[in-house]
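Here are my notes on the model, as promised.

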Amino acid sequence: MTNPSRIHVLSTGGTISCLHDENGDLIPTLSCADLINRAGFATGSGHPTITGEDIMTVDSSDITLEDIDFIIDRIRASATDSQIHADAVVVLHGTDTMEETAFAVARLCGDLSCPVVFTGAQRPADDDNPDGPLNLRAAVATAVKLLHFDTSGPCVRIAFGGQVLPAVGTTKWHTTDDEAFHHAENVDDFAVVASSQDGTIPRLAGLNVPIIDAYAGADGTFIEQLAATGIDGLVISALGSGNVPATMATALRALDVPVLVSTRVPEGGVHFVYGSTGGGADLARQGIRSAGNLRPSQARMWLLTELAVRA
C-alpha cells in the first residue's frame, strides 16, 4: 500500500462525541467532522487523507442488532463505494457495547480486506483532559499500519488507551480507566469468519439470543419463560468454570435451541469438568457448548453470528 492512505471515519456517537448539557448530563453532540478537527491530524504530502461521516448519534448502551447491521453496511460501503473508496475504516463507538459490534464485524466481514479499527473515549470532549483525540489519532495510525499486514479476511482491532487489541476476545474491564479493555487469550477458535452459503450478507436483526446469569439458588423459571417467547438461542453466564444449579440445568435440558456457556468469572474461562447435575461435564453431555475464554457479551455475539449465517 502506497502513501497517502485514505482512512474513512464512521461516527456512531458515544462518549467521544459527548458534551455536558445544562443539567450536567453527557449527551452525544459533536459531529464526525468536529471530532476529526479536534484530533489535530497532520495534512499534506505523505499523510493519510481522512474523511468521515455521521451514521448515527447514540449512546452505545442503546445500540440494537439493527444498528450493528447498519454499521456493517456502512463499513462495506466505505470499502467498496467508488466515491469513498477507503483503504481502511475507523469506527467511533461508545465503550459500553464496542466489544459486541467489533466482534460482529470481525465475524461477518470476512470477504473484506479493508482493516477496521474501533475506538472511542472514557471521558467526554469537554473534559479538562479528554482522551478521545489521542484515541482517534492512535486508531488512524493503527489502521495505516494494518494496511501493510498480509492478512486473510478482515483485520479488526480496538485501539484504545494506548493498547491495540484484536476484536475477538477483547471486552471492557474498567468503567473509568484509560486502558478500558482487556484481551483474553486462546480465543482463536471463535475468530473464524462466518460466511453464508449463498453469498448473502448475514443479518443479526430479528434474532433473539438472551443472556441469563447463574447464581446461588437460581432455578429454571427465567429459562422456561424465555423459551415460551420463541428465543433462537441462549447464553448462560455460569458459575465458576461453567456450572449451574441443578434446577437450572433441568430447564436447559428441555430447550430445543443452541445454548452456549460462558462464566461470570473474569479470568480462566470455561472448563467442563464437574459431573453432578448442572456441572460442566453434565451440561456437555446435554449438547451444551462451551464459550471457552469468551466473556458472555461476545459469547452471545458468536452465537448470533452463527445463527445469522444459517438463516
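1. Searching the whole structure, a predicted model, turns up 1 cavity of 30 Å³ or more. A cavity here is a set of points on a 1 Å grid over the protein atoms alone where a 1.4 Å probe fits but cannot get out. The largest cavity holds about 40 Å³, with volume taken as the space filled by probe spheres set on the points, which are joined across faces, edges and corners.

2. What lines the largest cavity? Ile212, Asp213, Tyr215, Ala218, Asp219, Phe222, Ile223 and Met248 do, lining meaning an atom within 4 Å of a point. Strand E11 (211-213) and helix H5 (221-227) are the elements giving two or more residues to that lining. Elements are DSSP runs numbered from the N terminus: helices are H or I with at least four residues, strands E with at least two. By class, the lining has 6 nonpolar, no polar and 2 charged residues; Ala, Val, Leu, Ile, Met, Phe, Trp, Tyr, Cys and Pro count as nonpolar, Asp, Glu, Lys and Arg as charged, and the others, Gly among them, as polar.

3. Now the annotations. UniProt's unreviewed entry puts "active site" at Thr15 and Thr95. These span 81 residues in sequence, yet no two of their C-alpha atoms are more than 7.8 Å apart, so they gather at one spot. Bear in mind that feature names are shortened, positions follow the numbering used here, and annotations may be inferred rather than shown by experiment.

4. Thr15 sits in the loop between strand E1 (6-13) and strand E2 (18-20). Setting aside neighbours within four places in sequence, Thr15 is in contact (heavy atoms within 4.5 Å) with Ala121, Gln122, Arg123, Pro124 and Ala125. Thr95 is in the loop between strand E5 (88-92) and helix H3 (98-108).

5. The unreviewed UniProt entry also gives "binding site" at Ser60, Thr95 and Asp96. They span 37 residues in sequence, but no two of their C-alpha atoms are more than 6.9 Å apart, so they gather at one spot.

6. Housekeeping: residues are numbered from 1 along each chain as its sequence is written, and side-chain values use heavy atoms, leaving out hydrogens and water. As this is a predicted model, local features need pLDDT of at least 70 and side-chain atom pairs count only at pLDDT 80 or more, while totals for chains, interfaces and linings use all residues.

Conventions. 1 Å grid on protein atoms, 1.4 Å probe; cavity = no way out; pocket = protein on both sides within 12 Å on 5 of 7 lines; lining within 4 Å.
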